[in-house]
Amino acid sequence: MEFSLLFAALMGMLAMWAMLWWEAKRGNAADCARSLWDVALTAAVVGLFVGRLAAMIGDGVNPLTNPKDIIIVRGGVATGWAALAAIGTVLVMGGKERWIVADGLSAAALAGLAGWHSGCLARDGCLGTSSELPWALAQEGSAVTRHPVELYAAALLAIGAFGLAVWKARGRPPLGAPAAAALAIAGGVRLITEPMRLALSAGPAVWYWAAFLVGTVALIILLWRKRTSSATTAATPPTQPERQAGP
Amino acid sequence: MFIVILAAVLAACGGSDVDVSDVPELPPVTGDEMMAILAASEQPVVLNVWASWCIPCRSEAPLLERAADQFAGEVTFIGVNVRDGQSGAREFIAEFFPDAPIDHYLDRPGDVPIALGGNTGVPLTFFYAPHGELVQLHSGVIDERTLALQIDEILARTG
């Protein structure tokens with residue numbers, strides 16, 4: 001029995017919890033009635049389940065006739081479907097506060113992904129394509145040095161998570177903008193690191209492009225709307241006080 | 001409603017009935033014979049130890065099939081069925097490896113993986129450089145990244 005994937009999942013949960021704790025001290029989603037931690041965990045489980053089902057169907061394995069296979073997560077999880085299901089769960093569970101919840105979880109989600117990627121250390125799964133760079137690593141007994149690509153991804157996601165958390169705390173971003181930024185960062189990091197990963201297939205690059213583009217476009221629109229509404233407010237002359245009737 | 005639709009979609013994905021008529025009987029193999037096969041191989045070899053009753057083996061089978069198709073001509077793929085019978089093994093092959101270029105053998109007592117330096121667990125995946133030099137032994141279900149990495153390693157040691 002192998003527990004290295006479980007370790008990676010625990011690393012992800014720990015990083016997510018730590019980010020939520022750190023942000024809570026800085027007023028993250030302070031007026032939100034829902035527990036961000038509960039929403040995050042539910043979204044992660046739903047995403048994992050849907051992603052696993054999608055991977056099984058994609059491999060031609062019927063989940064109904066092979067239900068026990070569903071729990072063999074190492075057999076593969078379809079990243080794109082998993083992400084869609086997780087995002088959908090957040091938006092549904094958030095109810096009327098869905099964008100507050102999504103924004104509240106944005107940095108924590110990136111931190112959780114960073115933790116998940118760093119879990120490669122427990123299963124000797126950090127290495128990618130061969131490289132001559134000074135920090136390239138070789139697996140035991142091998143002369144081939146390789147990019148520690150999962151650690152690159154973990155570092156970039158951690159930087160993104162921290163930057164987003166600081167922006168949320170200090171920058172007063174418009175509603176939905178942190179969630180859009182998180183989507184763009186997650187997609188962007190996968191696009192940057194994917195060429196350094198070894199895989200049997202080209203990987204679901206379409207999903208990564210979709211996440212990056214949707215997140216970036218949404219972010220630009222939200223920031224532009226905030227800017228134009230601020231400019232409009234500033235340009236509107238203050239209401240003239242009513243002239244008081246003379247004696 | 002969602003669950004009903006999901007169940008209908010999943011049910012349409014395929015049934016459990018498999019036709020084993022196209023799957024030949026698996027030749028029996030011993031540890032010494034397998035070591036001779038590996039030593040004679042000019043190509044790197046991925047050797048997967050599996051059983052039809054092994055649930056994790058089922059989950060990694062599609063991945064191995066894809067890898068065998070992708071690296072056909074560069075890497076030899078061998079499957080060793082252990083502690084199993086012909087009928088179970090053939091049904092498994094018909095369901096999960098119908099057209100994959102994998103040479104399957106039957107090792108009813110389960111001696112081959114022990115002779116190769118492995119253990120009694122399944123699944124196991126051995127990665128060999130040409131002429132039987134063991135590069136890596138992976139115990140348990142293998143994931144895509146690990147499989148791709150180890151295939152890259154054994155290809156790097158070729159010629």
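How many helices and strands are there in chain B? Six helices and five strands, in a model that is predicted.

Figure 1. Chain B has 159 residues, and 47% of them are buried. Take the contacts in chain B between residues at least 6 apart in sequence: 78% of these join residues at least 24 apart.

**Figure 2. The five strands of chain B form an open sheet.** Their order is S3-S2-S1-S4-S5, and the pairing is mixed. Strands S3 (102-107) and S5 (133-139) of chain B stand at the edges. Each has a single partner strand, so one side of each lacks a neighbour in the sheet. On average, neighbouring strands are turned by 20 degrees against each other, direction ignored. Helix H6 (residues 144-156) of chain B packs on this sheet. H6 touches S1, S4 and S5 of chain B. The direction of H6 makes about 175 degrees with that of S5(B).

**Figure 3. Strand S1 of chain B is mostly covered.** S1 spans residues 45-50, and six of its six residues are buried. Both faces are covered. On one side lie B:Val45, B:Leu47 and B:Val49. On the other lie B:Val46, B:Asn48 and B:Trp50.

**Figure 4. S1(B) pairs with S2(B) and with S4(B).** Six bridges join S1(B) to strand S2 (residues 76-82) of chain B, and these two run parallel. Five bridges join S1(B) to strand S4 (residues 124-129) of chain B, and this pair runs antiparallel. Look at B:Val45. Its bridge partner in S2(B) is B:Thr76. In S4(B), B:Tyr128 stands opposite B:Val45.

**Figure 5. Two helices of chain A pack against each other.** Helix H4 (residues 98-118) and helix H5 (residues 149-170) of chain A meet at an angle of about 160 degrees. Their axes are 8 Å apart. Angles over 145 degrees count as roughly antiparallel, so H4(A) is roughly antiparallel to H5(A). The crossing is left-handed. Residues of H4(A) in the contact include A:Leu110, A:Leu113 and A:His117. H5(A) brings, among them, A:Leu157, A:Gly160 and A:Leu164. By class, the contact residues of the two helices are 13 nonpolar, four polar and three charged.

**Figure 6. Chain A meets chain B.** The contact takes 24 residues from chain A and 29 residues from chain B. What classes make up the side of chain A that touches chain B? That side has 10 nonpolar, eight polar and six charged residues.

How values were computed
Residues are numbered from 1 along each chain as its sequence is written. Chains are lettered from A and ligands numbered from 1 in the order in which they are written. This is a predicted model: local features need pLDDT of at least 70, side-chain atom pairs count only at pLDDT 80 or more; totals for chains, interfaces and linings use all residues. Helices (H or I, at least four residues) and strands (E, at least two) are DSSP runs, numbered from the N terminus. A residue is buried if 20 or more other C-beta atoms lie within 10 Å of its own, exposed if 12 or fewer, and partly exposed in between; C-beta atoms are placed from the backbone. Two residues are in contact if their C-beta atoms, placed from the backbone, lie within 7 Å. Axes are lines fitted to C-alpha atoms, for helices over the stretch in contact, and angles run from 0 to 180 degrees between N-to-C directions. Angles under 35 degrees count as roughly parallel, over 145 as roughly antiparallel, 65 to 115 as roughly perpendicular and the rest as oblique. A crossing is left-handed if the near helix is turned anticlockwise from the far one by less than a right angle, and right-handed if clockwise. Ala, Val, Leu, Ile, Met, Phe, Trp, Tyr, Cys and Pro count as nonpolar, Asp, Glu, Lys and Arg as charged, and the others, Gly among them, as polar. Two strands pair if DSSP finds at least two bridges between them.
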